[in-house]
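Subject: Structure handover

Hello,

Here is the structure I said I would pass on. My notes on it follow below.

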Amino acid sequence: MRMRPTLSWTAGDDVLPGTADPEPVAAALRAGGVVVLSGAGISTESGIPDYRGEGGSLSRHTPMTYQEFTGDAHARRRYWARSHLGWRVFGRARPNAGHRAVAAFGRAGLLDGVITQNVDGLHQAAGSADAVELHGSLDRVVCLTCGDLSARRELARRLEEANPGYAPVAAALNPDGDADLTDAQVVGFRVVPCTVCGGVLKPDVVFFGESVPKERVQDCRALVDGARSVLVLGSSLTVMSGLRFVRQAADAGKPVLIVNRDPTRGDRCAAVRVDLPLGSVLTAVAARLGVELDGGSR
């Protein structure tokens, strides 16, 4: 039986009306001690789609679960074929104004930390070197047998060698880094094993149905404990992995501010939700605070 995690959330009467005024965000940053919690929405302006926003990938694509990946060799082949193709685009993505603004706020001493639910590495590429990757990163690959960690670029090279000329046309790219392919397009794709022990390789990310490592959760809780406020950027907060930190802040009486175009599952915990595109909001806030954005790198 295929296990499917809860991926959807339906807004109720507790939706917080959005505002077009970015001043509450600027005020929180002026006070300092802000912890940022970012989601897929901050990366859409870098060409990486969202899960749940307008045109989000969940309308046509259900992400791979940990149980399916570990228990079904065919599912693993399908995943790696799709992910290998998607990595060619995903790996070339560059930080946008939102990522650069977050990095600039950090350099200016306005942030206590950054927690990201994204696996794209764009916060680090923009200069937020200490961002906590709640769900891991597609830049790394882990062996499920021996635990060896290796670089994704090396796996990409090995998969290219094992599948010369593999270049099907994908219907779309998804936030988890894979591409939409048909079953016919993945037939014959060759998966490569761990070079150390011959075991099964998995991207070093937390799949749906898999738990975030306890130490990582504790690190995030400590950041929220020490924060003055929490700023949510581009997350629907549908899954508990991110929502729990918003609830933690609210329970402690700390302001929660959300920048997201759509209502979120955390609205009831928030003081304000700014309903504007992230890049423009954070760029405007940076200008109000006199914080200069640089170009970033990767």
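The lining of the second largest pocket takes at least two residues from each of α4 (97-107) and β3 (111-116). The model is predicted, with local features needing pLDDT of at least 70 and side-chain atom pairs counting only at pLDDT 80 or more, while totals for chains, interfaces and linings use all residues. Residues are numbered from 1 along each chain as its sequence is written, and side-chain values use heavy atoms, with hydrogens and water left out.

A pocket here is an open set of points on a 1 Å grid over the protein atoms alone, where a 1.4 Å probe fits, with protein on both sides within 12 Å along at least five of seven lines; lining residues have an atom within 4 Å of a point. Helices (H or I, at least four residues) and strands (E, at least two) are DSSP runs, numbered from the N terminus.

The volume of the second largest pocket is about 180 Å³, taken as the space filled by probe spheres set on the points, which are joined across faces, edges and corners. Its lining has 15 residues, and Gly106, Gly113, Val114, Ser128 and Asp130 are the closest to the centre. By type, the lining comprises 8 nonpolar, 4 polar and 3 charged residues. Nonpolar covers Ala, Val, Leu, Ile, Met, Phe, Trp, Tyr, Cys and Pro, charged covers Asp, Glu, Lys and Arg, and the others, Gly among them, are polar.

In α3 (residues 73-90), 13 of the 18 residues are buried (under 20% relative accessible area, with exposed over 50% and partly exposed in between; 1.4 Å probe, protein chains only).

In α6 (residues 152-162), the buried residues include Arg152, Leu155, Ala156, Arg158, Leu159 and Ala162. These are on the same side of α6 because they cover an arc of only 165° around the axis, judged by the directions from the helix axis to the C-beta atoms. Arg153 and Glu161, on the other side of α6, are exposed.

Last, two loop residues. Glycine 121 is in the loop between β3 and α5 (122-126) and is buried at 11% relative accessibility. Leucine 237 is in the loop between β8 (229-233) and α9 (240-251). Leucine 237 has a positive phi of about 60° although it is not a glycine; its relative accessible area is 0%, so it is buried.

Regards
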